[in-house]
Amino acid sequence: MVMKYCTRCQLTKATNEFYKWKYGKDGFADWCKSCKKDHCSAPEYLAKQRKHKKKWRKVNGSGIYSISLKGTDKVYVGKSKSLKERKGAHFGTLKRNIHHNLDLQNDYNDYGKSAFVFEVLEQVELSKLDEKEVECIVKYILEGKDVYNKKLVLDAKYLRKLLDDQKRIK
Ligand SMILES: [Zn+2]
């Protein structure tokens, strides 16, 4: 039986007590399985992992974003599974003058990239992206903003109901 010394608990154990690790000198991790488990279940470790995940999501995760034209009420609202990529995709197509939203494209052509601000409005789990996007567009419309892609919600039952409710209140 091949033995290996664990640098954490300082015990010598059979190599099947170690996880395989391709970067290890002998093809095994430096710590034994139980040390690894112990380490990875520690509250500090879990907290650190959560923080990393949150940070990663903030940059790359799914959610709702807006692209607004500075100094105006004009705003485009969108959803994406990968916010960082989506930002690039929007500005990439705007630059090439092939963006699907003509109003946004026209303003981009008039004012240039620096006139727009891309903002992550909310991180949202994948299953709720559609719903949240509509909700956000509706919210902006009700606030009196000029939403570039308001067409997206014009047929939505949700919007009609909300607007009806608003009328009733007034
Ligand atoms: Zn160990």
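This section describes the fold, sheet, helix packing and nonpolar core of a predicted model. Residues are numbered from 1 along each chain as its sequence is written. Local features need pLDDT of at least 70, side-chain atom pairs count only at pLDDT 80 or more, and totals for chains, interfaces and linings use all residues.

The protein chain contains 7 helices and 8 strands. These elements are DSSP runs numbered from the N terminus, with helices being H or I of at least four residues and strands being E of at least two. Of the 170 residues in the protein chain, 20% are buried. A buried residue has 20 or more other C-beta atoms within 10 Å of its own, an exposed one has 12 or fewer, and a partly exposed one falls in between; C-beta atoms are placed from the backbone. Residues are in contact if their C-beta atoms, placed from the backbone, lie within 7 Å. Among contacts between residues at least 6 apart in sequence, 49% join residues at least 24 apart.

Four strands form an open sheet in the order β7-β5-β6-β8, with mixed pairing. Pairing requires at least two DSSP bridges between two strands. The edges are β7 (116-123) and β8 (146-147), each of which pairs on one side only. Strand β5 is antiparallel to β6, over 6 bridges. It is also antiparallel to β7, to which 7 bridges join β5. Ser68 stands opposite Val75 in β6, and its bridge partner in β7 is Val117. Gly63 stands opposite Ser80 in β6. The hairpin of β5 and β6 has 4 residues between the strands, and in this hairpin Gly71 takes a positive phi near 75 degrees. Strand β5 is largely enclosed by the rest of the structure, because 5 of its 7 residues are buried.

Helix α3 packs on the sheet and touches β5, β6 and β7. Its direction makes about 30 degrees with that of β5; axes are lines fitted to C-alpha atoms, for helices over the stretch in contact, and angles run from 0 to 180 degrees between N-to-C directions. Lys95 lies in α3. This residue is exposed, because 11 other C-beta atoms are within 10 Å. Lys95 and Lys113 are 18 residues apart in sequence, and their C-alpha atoms are 8.1 Å apart in space.

In helix α4, Leu104, Asp107 and Tyr108 are buried. Seen down the helix axis, the buried residues of α4 fall within an arc of 105 degrees, so they line one face. The arc is that of the directions from the helix axis to the C-beta atoms. Cover for these buried residues includes β5, β6, α3 and β7. Leu102, Asn106, Asn109 and Asp110 are exposed on the other side of α4. Just after this helix, Gly112 takes a positive phi of about 85 degrees.

The largest nonpolar core has 19 residues. Such a core is a set of buried Ala, Val, Leu, Ile, Met, Phe, Trp, Tyr and Cys residues joined through C-beta atoms within 7 Å. Val75, Tyr76, Val77, Ile137, Tyr140 and Val147 have the most contacts inside it. At least two core residues come from each of β5 (63-69), β6 (74-80), α3 (83-95), α4 (102-111) and α5 (129-142). The largest share, 4 residues, comes from α5. Leaving aside neighbours within four places in sequence, Val75 is in contact with Ser66, Ser68, Tyr140, Lys145, Val147 and Tyr148.

Notes
Contact = placed C-beta atoms within 7 Å.
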